[in-house]
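Let's take a friendly walk through one protein chain. Keep the picture open beside the text and find each residue as it comes up.

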Amino acid sequence: MTVRVLIVDDQAPFRQAAHMVVDLTDGFDVVGEAETGEDGVSAAHELRPDLVLMDVNLPGIDGTEATRRILAELPQTIVFLVSTYEPAEYEPKAAECGAAAYIPKSTFGPFELEDAWARATASSNS
(Lines give C-alpha, C1' and ligand atoms only; values in the text may rest on other atoms or scores of the structure.)
Protein backbone atom coordinates (compact mmCIF):
# COMPACT_ATOMS: atom_id res chain seq x y z
CA MET A 1 0.00 0.00 0.00
CA THR A 2 1.27 3.45 -0.90
CA VAL A 3 0.87 6.20 1.71
CA ARG A 4 -0.73 9.21 0.00
CA VAL A 5 0.81 12.45 1.32
CA LEU A 6 -0.43 16.06 1.27
CA ILE A 7 2.18 18.76 2.03
CA VAL A 8 0.91 22.02 3.56
CA ASP A 9 3.52 24.77 3.94
CA ASP A 10 3.63 28.41 2.89
CA GLN A 11 7.32 28.26 1.95
CA ALA A 12 8.02 26.81 -1.51
CA PRO A 13 11.59 25.71 -0.60
CA PHE A 14 10.29 23.54 2.24
CA ARG A 15 7.48 22.13 0.09
CA GLN A 16 10.13 21.16 -2.46
CA ALA A 17 12.37 19.63 0.23
CA ALA A 18 9.44 17.74 1.77
CA HIS A 19 8.42 16.50 -1.68
CA MET A 20 11.96 15.17 -2.17
CA VAL A 21 11.93 13.45 1.25
CA VAL A 22 8.60 11.80 0.42
CA ASP A 23 9.92 10.74 -3.00
CA LEU A 24 12.99 9.18 -1.34
CA THR A 25 10.86 7.26 1.18
CA ASP A 26 9.70 3.85 -0.04
CA GLY A 27 5.95 3.46 -0.01
CA PHE A 28 5.11 7.18 0.16
CA ASP A 29 3.78 9.37 -2.64
CA VAL A 30 2.88 13.09 -2.75
CA VAL A 31 -0.67 13.59 -3.99
CA GLY A 32 -0.91 17.35 -3.44
CA GLU A 33 0.45 20.55 -1.95
CA ALA A 34 -1.14 23.61 -0.35
CA GLU A 35 0.21 26.98 0.86
CA THR A 36 -2.37 28.04 3.48
CA GLY A 37 -4.31 26.38 6.26
CA GLU A 38 -7.60 26.89 4.44
CA ASP A 39 -6.19 25.46 1.21
CA GLY A 40 -4.81 22.52 3.18
CA VAL A 41 -8.25 21.75 4.60
CA SER A 42 -9.81 22.00 1.13
CA ALA A 43 -7.08 19.84 -0.43
CA ALA A 44 -7.49 17.20 2.28
CA HIS A 45 -11.25 17.14 1.65
CA GLU A 46 -10.69 16.74 -2.10
CA LEU A 47 -7.67 14.39 -2.13
CA ARG A 48 -8.38 12.28 1.00
CA PRO A 49 -4.67 11.71 1.81
CA ASP A 50 -3.47 9.12 4.29
CA LEU A 51 -0.95 11.59 5.73
CA VAL A 52 -0.74 15.38 5.93
CA LEU A 53 2.59 17.10 6.59
CA MET A 54 1.37 20.36 8.15
CA ASP A 55 3.46 23.46 8.89
CA VAL A 56 2.53 25.25 12.11
CA ASN A 57 2.77 28.89 10.97
CA LEU A 58 0.57 29.42 7.93
CA PRO A 59 -1.25 32.41 6.45
CA GLY A 60 -4.90 32.43 7.49
CA ILE A 61 -5.69 29.66 9.94
CA ASP A 62 -2.57 28.13 11.46
CA GLY A 63 -1.50 24.52 11.19
CA THR A 64 -3.00 23.47 14.50
CA GLU A 65 -6.46 24.77 13.56
CA ALA A 66 -6.18 23.30 10.05
CA THR A 67 -5.28 19.96 11.67
CA ARG A 68 -8.37 20.13 13.92
CA ARG A 69 -10.60 20.83 10.91
CA ILE A 70 -9.10 18.04 8.79
CA LEU A 71 -9.40 15.48 11.58
CA ALA A 72 -12.98 16.53 12.37
CA GLU A 73 -13.96 15.65 8.81
CA LEU A 74 -11.42 12.90 8.07
CA PRO A 75 -10.60 11.19 11.39
CA GLN A 76 -8.71 8.36 9.66
CA THR A 77 -6.17 10.84 8.25
CA ILE A 78 -2.86 11.09 10.09
CA VAL A 79 -1.30 14.55 10.49
CA PHE A 80 2.31 15.34 11.37
CA LEU A 81 3.10 18.91 12.36
CA VAL A 82 6.42 20.14 10.99
CA SER A 83 8.10 23.40 11.93
CA THR A 84 11.33 25.08 12.91
CA TYR A 85 10.36 25.23 16.59
CA GLU A 86 11.85 23.06 19.30
CA PRO A 87 10.05 19.77 20.03
CA ALA A 88 9.62 20.60 23.73
CA GLU A 89 7.49 23.59 22.75
CA TYR A 90 5.45 22.02 19.97
CA GLU A 91 5.00 18.34 20.82
CA PRO A 92 2.28 19.24 23.37
CA LYS A 93 0.56 21.52 20.82
CA ALA A 94 0.66 18.71 18.27
CA ALA A 95 -1.06 16.38 20.74
CA GLU A 96 -3.65 19.03 21.66
CA CYS A 97 -4.80 19.50 18.07
CA GLY A 98 -4.83 15.77 17.30
CA ALA A 99 -1.63 15.53 15.26
CA ALA A 100 0.07 12.16 15.56
CA ALA A 101 3.60 13.60 15.69
CA TYR A 102 5.72 16.73 15.65
CA ILE A 103 8.84 16.65 13.48
CA PRO A 104 11.32 19.56 13.47
CA LYS A 105 12.11 20.68 9.93
CA SER A 106 15.82 20.50 10.76
CA THR A 107 15.62 16.72 11.26
CA PHE A 108 12.92 15.85 8.70
CA GLY A 109 14.11 13.06 6.41
CA PRO A 110 13.08 9.63 5.12
CA PHE A 111 14.00 7.84 8.38
CA GLU A 112 12.02 10.32 10.52
CA LEU A 113 9.06 10.07 8.16
CA GLU A 114 9.04 6.26 8.22
CA ASP A 115 9.57 6.14 11.99
CA ALA A 116 6.78 8.63 12.76
CA TRP A 117 4.44 6.80 10.35
CA ALA A 118 5.22 3.44 11.97
CA ARG A 119 4.54 4.85 15.45
CA ALA A 120 1.32 6.59 14.35
CA THR A 121 -0.09 3.57 12.56
CA ALA A 122 0.91 1.17 15.35
CA SER A 123 -1.04 3.26 17.86
CA SER A 124 -4.04 3.60 15.54
CA ASN A 125 -4.10 -0.17 14.94
CA SER A 126 -3.98 -1.02 18.65
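## Salt bridges

In this predicted model, the count of salt bridges comes to 7. One of them joins the side chains of Asp9 and Lys105, with N and O 2.8 Å apart. Asp9 sits in the loop between β1 and α1, while Lys105 sits in the loop between β5 (101–104) and α5 (110–124), so this pair ties together parts that are 96 residues apart in sequence. Are these two partners buried or exposed? Asp9 counts as buried because its relative accessibility is 0%. Lys105 counts as buried too, at 16% relative accessibility, because the cut-off for buried is under 20%.

Another salt bridge brings together the side chains of Arg15 and Glu33, at 3.3 Å from N to O. This pair also links distant parts of the chain: Arg15 belongs to helix α1 and Glu33 to strand β2, 18 residues apart. Arg15 is buried, with 10% relative accessibility, whereas Glu33 is partly exposed, with a relative accessible area of 40%.

Now look at helix α5, where both Arg119 and Asp115 lie. Their closest N and O atoms are 3.1 Å apart, and the two residues form a salt bridge. How many residues apart are they in the helix? They are 4 residues apart, which is about one turn of the helix.

Arg119 is partly exposed, with a relative accessible area of 49%. Asp115 also counts as partly exposed, at 31% relative accessibility.

Which residues are linked to Asp55 in a network of salt bridges? Asp9 and Lys105 are linked with Asp55 in this network. You can find Asp55 in strand β3, and its relative accessibility of 3% makes Asp55 count as buried.

Leaving out residues up to four places away in sequence, Asp55 touches Val8, Asp9, Asp10, Gly63, Val82, Ser83 and Lys105. Two names in that list, Asp9 and Lys105, are also in the network of salt bridges.

## Strands side by side

Next, trace strand β1 (residues 3–8) and strand β2 (residues 28–34): these two pair in the parallel sense over 6 bridges. Which residue in β2 is the bridge partner of Ile7? The partner of Ile7 is Glu33, the residue whose side chain also meets that of Arg15 in a salt bridge.

## One side of helix α3

Helix α3 covers residues 63–73, and its buried residues are Gly63, Thr64, Ala66, Thr67, Ile70 and Leu71. Why are they on the same side of α3? They cover an arc of only 160° around the axis, and this puts them on the same side of the helix.

What covers these buried residues includes α2 (37–47), β3 (51–55), β4 (78–83) and α4 (87–97). Gly63, one of the buried residues of α3, is also among the residues that Asp55 touches.

## Two loop residues

Arg48 is found in the loop between α2 and β3, and is partly exposed, with a relative accessible area of 41%. The side chain of Arg48 reaches the backbone oxygen of His45 at 3.4 Å. Setting aside neighbours within four places in sequence, Arg48 is in contact with Arg4, Ala43, Glu73 and Leu74. Arg48 and Ala88 are 40 residues apart along the chain, and their C-alpha atoms are separated by 30 Å.

Tyr85 is found in the loop between β4 and α4. At 27% relative accessibility, Tyr85 counts as partly exposed. With Asn57, the side chain of Tyr85 makes a polar contact to the side chain at 2.5 Å. The C-alpha atoms of Tyr85 and Asn57 are separated by 10 Å, and the two residues are 28 residues apart along the chain.

Note on methods: Residues numbered from 1 in each chain as written. Predicted model: local features only at pLDDT ≥ 70, side-chain atom pairs only at ≥ 80, totals over all residues. Heavy atoms only, no water. Buried < 20%, exposed > 50% of the residue type's maximum accessible area, 1.4 Å probe, protein only. Arc of directions from axis to C-beta. Contact = heavy atoms within 4.5 Å. Pairing = 2+ DSSP bridges. Salt bridge = Lys/Arg side-chain N within 4 Å of Asp/Glu carboxyl O. Polar contact = N/O pair within 3.5 Å; in protein donor to acceptor, adjacent residues only side chain to side chain.
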